[in-house]
Amino acid sequence: MTLQQLRCLQAVLNHQLSVSRAAEALHTTQPAVSKLIRSLEMELGVDLFVRRGNRLVGLTDGGREAAVLSRRVLNDTQAMTTLAQADREANSGTLRVGTTHIHARYALLDVVRRFTAEYPAVNLEVMQGPPGEIVRWVIEGAVDLGLSTLPRATPEGLVTAEAYAFSRCLIVPLGHPLLRRRRVKIEDIAQYPLVTYDESFNSGWVVQRAFQRQGLEPRVVVRATDVNVIKAYVAAGLGVAIVQRVAVDPARDTDLAIIDMGDVFPPSQAHFSLRGDHFIRGYMRAFIEMVTPGAVDVLTH
């Protein structure tokens, strides 16, 4: 098995299973790509692709596993080839962070501003997605560091450490009847349409579970993946919502009212995540410490 075979496999995957476009990207010929793929399959003893005639139309189960493993090998190989340079230039390189919109927008903005000022030679890439996808990116090596709530099932090989917690609050339109109550209970909220996060996000299923524990099933009118969308729909009078308190600014969100719910809805706990075999470079250590002092010690023990 060669790195050339693995690069060929990844090129085909990166170009939507098009052998011709993979060949162009690799500066070789289509027959050469097909030959390398076939030789890899023969060496592994499994078909990696589902074929329809001469066309590749999908991945087999073995192909999906090979896609993950080959990407990991190539990422690790790249890390090895740049290790000497990284040692000489400890403050330069690329740091890829996978996180959700809420963390990128409200928790990391000041950190990113400080980090880019202190490490101008580091290319910081922030990728956004739901927690489950972020964990997959970490395991596959698509990002160096994940920062999000953890999905209900986390894979083996993942090292995690607590970063920070977000408390939750209830937001309603101005003049909403719930504002006239001295104390709002979860039963009161269930009487109104609910705008909520999609359940692929921790904030979606945590809020839903809090209602279910009380035997309540509010009418969900909108499921969204972006807190700004949720706030806009609430302000438009479509319903009420439970969101992270940090995402609501009274000076900016003047068309919303905030109601403190105490501990009725549990806080959202963000975690760092990275592969157990990932090398933590100096600038990555600095980024983690800027977010949560002491977290690196947890990740490295």
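**Domains, cavity, pocket and salt bridges of a predicted model**

The chain is divided into domain 1 (3-82), domain 2 (90-165 + 269-299) and domain 3 (168-266), with bounds that come from an automatic or database domain assignment. The structure is a predicted model, in which local features need pLDDT of at least 70 and side-chain atom pairs count only at pLDDT 80 or more, whereas totals for chains, interfaces and linings use all residues. Residues are numbered from 1 along each chain as its sequence is written, and side-chain values use heavy atoms, with hydrogens and water left out. Between the C-alpha centres of domain 1 and domain 3 there is a distance of 46 Å.

Grid points are joined across faces, edges and corners, and a volume is the space filled by probe spheres set on the points. By this rule the count comes to 1 cavity of 30 Å³ or more, and the volume of the largest cavity is about 110 Å³. Its lining consists of 14 residues, of which Thr100, Ile102, Phe201, Ser203 and Gln244 lie nearest the centre. Because domain 2 (90-165 + 269-299) and domain 3 (168-266) both give residues to this lining, the largest cavity lies between them. Helices and strands are DSSP runs numbered from the N terminus (helices H or I, at least four residues; strands E, at least two), and of these α6 (101-107) and α10 (202-213) each supply at least two residues of the cavity lining, the largest share, 3 residues, coming from α6. The lining of the largest cavity divides into 5 nonpolar, 9 polar and no charged residues, where Ala, Val, Leu, Ile, Met, Phe, Trp, Tyr, Cys and Pro count as nonpolar, Asp, Glu, Lys and Arg as charged, and the others, Gly among them, as polar.

The second largest pocket holds about 270 Å³ of space. Among the 14 residues that line this pocket, Val19, Ser34, Asn54, Arg55 and Leu56 are the closest to its centre. At least two lining residues come from each of α2 (19-26), α3 (30-44) and β2 (55-59), and α3 provides the largest share, with 5 residues. The lining of the second largest pocket comprises 5 nonpolar, 6 polar and 3 charged residues.

The structure holds 13 salt bridges, each being a side-chain nitrogen of Lys or Arg within 4 Å of a carboxyl oxygen of Asp or Glu. In the description of these pairs, buried means under 20% relative accessible area, exposed over 50%, and partly exposed in between (1.4 Å probe, protein chains only). Within helix α3, Arg38 and Glu41 lie 3 residues apart, about one turn of the helix, and their side chains meet in a salt bridge (3.5 Å, N to O). Arg38 is partly exposed at 41% relative accessible area, whereas Glu41 is buried at 4%.

A further salt bridge joins the side chains of Arg71 and Glu140 (2.8 Å, N to O). Arg71 belongs to helix α4 (residues 61-81) and Glu140 to helix α8 (residues 131-140), so the pair ties together parts that are 69 residues apart in sequence. Arg71 is partly exposed, with 22% relative accessibility, while Glu140 is buried at 10%. The side chains of Asp253 and Lys231 also form a salt bridge (3.2 Å, N to O); Asp253 lies in the loop between β10 (241-244) and β11 (256-260) and Lys231 in helix α11 (residues 227-235), so this pair ties together parts that are 22 residues apart in sequence. Both Asp253 and Lys231 are buried. Through salt bridges that share partners, Arg71, Glu133, Arg136 and Glu140 are joined into one network.

Most residues other than glycine have a negative phi. Gln16, although not a glycine, has a positive phi of about 55 degrees, and Leu17, found in the loop between α1 and α2, likewise has a positive phi, near 70 degrees. Gln16 is exposed, with a relative accessible area of 57%, whereas Leu17 is buried at 19%.

Terms used:
1 Å grid on protein atoms, 1.4 Å probe; cavity = no way out; pocket = protein on both sides within 12 Å on 5 of 7 lines; lining within 4 Å.
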